Amino acid sequence: MHEYTSAFRVWGLSCPGFLEEVSRARRWTRDILRGSPLAEDAELIVSELSANAILHTASGREYGSFHLAVAVSAQVVAVSVTDDGGTATAPKVEHQDQDAEHGRGLDMVSAIAHRVVVHESDQGHTVTAELYADARLGGGHLC
């Protein structure tokens with residue numbers, strides 16, 4: 001790592017709540033993580049979490065948006081998507097039938113990530129998925 005950068009870097013992106021912005025969020029994540037063995041998993045997670053924000057919260061309404069953060073260290077890549085809220089319940093894993101068309105996104109994210117945390121605030125929900133460079137670092141799947 002360059003001598004003028006810290007061992008931990010964080011990038012942020014705000015996107016309007018349009019479905020076409022999911023591909024922009026995915027490309028942005030891929031560019032940040034270029035060369036990382038965790039890039040592909042992170043890109044898939046960003047795609048799922050961004051689409052969920054748009055489809056299931058106020059982020060997909062007129063003037064809605066979602067916010068993406070990517071934090072990178074030598075040991076961990078953490079991707080967070082924050083929505084605009086507007087739902088009565090926080091996102092949760094729902095184990096759906098494999099043929100179900102909806103409701104499997106967060107379940108898939110929790111299967112890929114080493115740890116998934118959902119944080120609820122007055123402004124919305126933030127779902128953070130952590131990927132560890134060394135899977136032995138452990139962690140729970142959903143908090």
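Strand β5 (residues 124-132) is mostly covered, with nine of its nine residues buried (under 20% relative accessible area, where exposed is over 50% and partly exposed lies in between, using a 1.4 Å probe and protein chains only). The model is predicted, so local features need pLDDT of at least 70 and side-chain atom pairs count only at pLDDT 80 or more, while totals for chains, interfaces and linings use all residues. Residues are numbered from 1 along each chain as its sequence is written, and side-chain values use heavy atoms, leaving out hydrogens and water.

Helices (H or I, at least four residues) and strands (E, at least two) are DSSP runs numbered from the N terminus. Two strands pair if DSSP finds at least two bridges between them.

| Partner strand | Bridges to β5 | Direction |
|---|---|---|
| β3 (residues 76-82) | seven bridges | antiparallel |
| β4 (residues 115-121) | seven bridges | antiparallel |

Val 79 has Ala 129 of β5 as its bridge partner, and Glu 120 stands opposite His 125 in β5.

Leaving aside neighbours within four places in sequence, Ile 45 is in contact (heavy atoms within 4.5 Å) with Val 79, Val 109, Ile 112, Ala 113, Ala 129 and Leu 131.
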